[in-house]
Structures are given as structure tokens and as C-alpha cells.
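My notes follow in the order I looked things up.

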Amino acid sequence: MAAIALLLFSSSWFYDDYLLWRDGVYTRRWLGNLMLSPFIYVAAGMLWNLEAKESADFREGAGFRLSFMRADWPKRPVDTRFGPLVLISIPFIVIAAFGPLSVHLPRTWIEVKKKTEGWPRGLDGLEIGIASRAARVAIWVVALCALMSCGFSQGKKEAEALAEQYFSMMQGGDIEGALSLYSAGFYEVTSRAEWQVLLENQRDRCGAPKTHTLVSWNVFNAFGTNAGTRTTLVYDVQYSSCRVSEKMITFKPDDGKIQIQGHWLKKQPGKQGDKGESQVTLKT
Amino acid sequence: MTAVGISPFFVKYMAAWALFCLTAAFILVWDRKRLIPEWREYWCFLCVPWKLWLFVPALVFVTFAGRYTNDETWDVVTGSGMAILTFLTAPWVVGLIYQVLVGRYGI
């Protein structure tokens, strides 16, 4: 009952009450709003309940679910990535955008109709063209989401390629080569010599990286000053004798090449050869 | 004129929904021992970065889109109020309804 009351109050009665206070009369739109808004409200509720699956990698397929299906809901999801949710969120976003605009057509369009077709004919006239207008809005929203999705996917791909290059160089013992993948900004915080010593110590202590698995990632597109794509990748890396969680931040300026801007290493309880020592964690 | 006056029907309608909301509020207060820890977790659940990032453009859109429509009731207060209330309550309401329906949450 409390849930239903919150639903109807948030989506409809709050609006009625405020308009009664503002205009001194009960709005004539109360019934339409009461019937339409709960759908938008539920779509929004579903959207904010989407979550990426804890261990699913995006490459392995649909990695999402609805949070309230978890037994421990409403605990914060373990996996807070948005990447795997981009496509599934589109229908909910479309419903939320389509709902209000399908009822309340843009003013300029109505004014043109009034002039060219002798309107007004009351509210009935407004229904003409709703479908075409709404379809255009929906197409824009879908196109925008698809564009965002492509941008995220491309950013992830480039960052992963750079990380692969890093792991391959480290595997072959080419530390000099690996050092060249870092940005000038990285070396402003940690000098090249310091980082070289750390990578060499890491190699002496743990050996070469054997396998690496992408655990989580996110992509952020920045606009304006420092425009570019910042991608965060977290890998579970199995070295010869240690297991390390490595978080890499890459940055690709709009007009430049992608480089590593941040790199954190944190030793994990290892599967083999765990010497129980704590790994230095460096950040840039 | 864009709205109707307060007829006896609307007086009864308002009384009915006000009573419904008051009863719901009473239930929430009554059940506060169970709900307060749950709402703390829910707050962390809402503050996941992507939800906040997605909410910002949605709030701006719903708040200001009204001025470009023929709807005289869609102003900054109704737009922003409904957007904020929806963001704060809709995920909990939808989740709660599901939990009740599958029998995980006692009424």
C-alpha cells in the first residue's frame, strides 16, 4: 500500500496538489496524468534498478539484471559499471522521453497547425500527428544512445589494445618498451626512474605475467578543456608467483594517441607461491 | 482557462487520496525499524555513479522541456518535483512491489 501511495503521489498527486495551490483550481489534466505517469514512473524505476552482473565480462554476452531480483536488494550492486547496461537501458529511456512528449506536443508545432489548418479544434486536434512526432523523438533518443554506446565500445577497445601491448611487453621483459606507453602526466607524478624500479622489482618478486582477465571497465568521454576519452580497466593478473589486481587508466585526447595515465598494482591473496608480502601500491 | 474548478467530485477525490497517503505514511512510520536500515542501503544503491550521471540530464530535460510544449501545467516546479521524486522513490517502489509479489517481503 505504501509503495502504491508513493507511486501515485510522486507521479500524479504531487502534481495535482501543486497546481491546485498555484492556480486555485483542480487541473483538468489530472486523469490523463494519473493514467500515463505511472508507466513512466515504473519505466524509471526499472531503469534505476538495472545493474551489471558481478562477474560477467561484456565480451561474454548480456551482463545485466534487475537489482530487485537479488535476495539482498536494495544493497548497492557489487558491479557498478554502466557499459553493459547501455543497450538495455534504451527502451526505458525511450518510454520516459516518449511519454511526456507524446501528450504535450511542442508549442511551435501546434502554433503552425493553428495557422495552416484552422485550429484550434480542442484537444482532439492535438492527437493528430502525435505518433509521427513521438516516433521522431524516439528515433533521436535511440540514435543518441546508440552513438553513446559506439563511443563507449570504441574507447574500451582502444584501451584494451594498449593494455594488451603493456602485458605483452612485460611478458617479454621489455620494460623500456612498457615505460614508453605511459603519458607525460604520469611521469609528472611518478618519475620514469621510480616507475622503472617498481616494474623491475615487481618482475623480480612475481615473475612475468602469465594470464590477465579484465574484471571491470568504464569509459568516460570528456568535453571542453582536456577533451578526450578516459577509460578505466581493472585486470586480475596472474604472474608466475603472485596474483595482482591492476587498475589502469588510459586517456586518449581527441587529437592525440592513447597512453596510460594511471596505474595501480595491488597484490591479491595468490593461488600459488603467495609469500604473504604486501605489494607497493603506486598511484599517479 | 485551462483548468476546472473544485467541484464536489474533486473534494471527495482529494480527501480519498489524502487519506490513502496518510495511511501509507502511518504504515511507513509503524514499520520504521525495518525500513530505516533498508533506506540507508537504498541510499547507497541510488548513489551509484552512472545513476547520478544519467539522472542529471533527465532532471534538466524534465524541468525545462515544459516551456516548449503546449502544456501550461508543466512548469519548473512540476517538472523538477516529479523528476526528483521519481528518482528518489521509483526504484524502491518497483523493487518493493516485486518483492511483495514474489513473497520475499511480508505485508
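In which helix of chain B is the place of B:Ile27? I found B:Ile27 in helix H1, which covers residues 8-30. I kept in mind that this is a predicted model.

B:Ile27 has 33% relative accessibility. Buried would need under 20% and exposed over 50%, so B:Ile27 counts as partly exposed. I also looked for its surface partners. B:Ile27 belongs to a nonpolar patch with A:Met1, B:Phe26 and B:Trp30. Together these residues have about 480 Å² of accessible area.

Then I took in chain B as a whole. I read four helices and one strand, in the order β-α-α-α-α. Of its 107 residues, 41% are buried. Chain B exposes about 6,100 Å², and carbon and sulfur atoms supply 77% of that. I looked at contacts in chain B with a separation of 6 or more: 56% of them join residues 24 or more positions apart.

Aromatic rings came next. I noted 28 aromatic pairs over all chains. One of them is A:Trp30 with B:Phe10, edge-to-face, at 5.5 Å centre to centre and 85° between the planes. This pair crosses between chains, from helix H2 of chain A (residues 30-47) to helix H1 of chain B. Both A:Trp30 and B:Phe10 are buried.

Last, I looked for charges over rings. B:Lys51 lies over the face of B:Phe45, 3.4 Å from the ring centre. The charged end of A:Lys247 sits over the ring of A:Trp264, 5.2 Å from its centre.

Key: Residues are numbered from 1 along each chain as its sequence is written. Chains are lettered from A and ligands numbered from 1 in the order in which they are written. This is a predicted model: local features need pLDDT of at least 70, side-chain atom pairs count only at pLDDT 80 or more; totals for chains, interfaces and linings use all residues. Side-chain values use heavy atoms; hydrogens and water are left out. Helices (H or I, at least four residues) and strands (E, at least two) are DSSP runs, numbered from the N terminus. Buried means under 20% relative accessible area, exposed over 50%, partly exposed in between (1.4 Å probe, protein chains only). Contact means heavy atoms within 4.5 Å. Accessible areas come from the Shrake-Rupley method with a 1.4 Å probe; for residues, only the protein chains shown count as cover. Patches are made of residues with over 30% relative accessible area and no salt bridge: like charges are joined within 9 Å, nonpolar side chains (Val, Leu, Ile, Met, Phe, Trp, Tyr) within 5 Å. A salt bridge is a side-chain nitrogen of Lys or Arg within 4 Å of a carboxyl oxygen of Asp or Glu. Rings of Phe, Tyr and Trp (its six-membered ring) pair if their centres lie within 6.5 Å; planes under 30 degrees apart count as stacked, over 60 as edge-to-face and the rest as tilted. A charge sits over a ring if NZ of Lys or CZ of Arg is within 6 Å of the ring centre and within 35 degrees of the ring normal.
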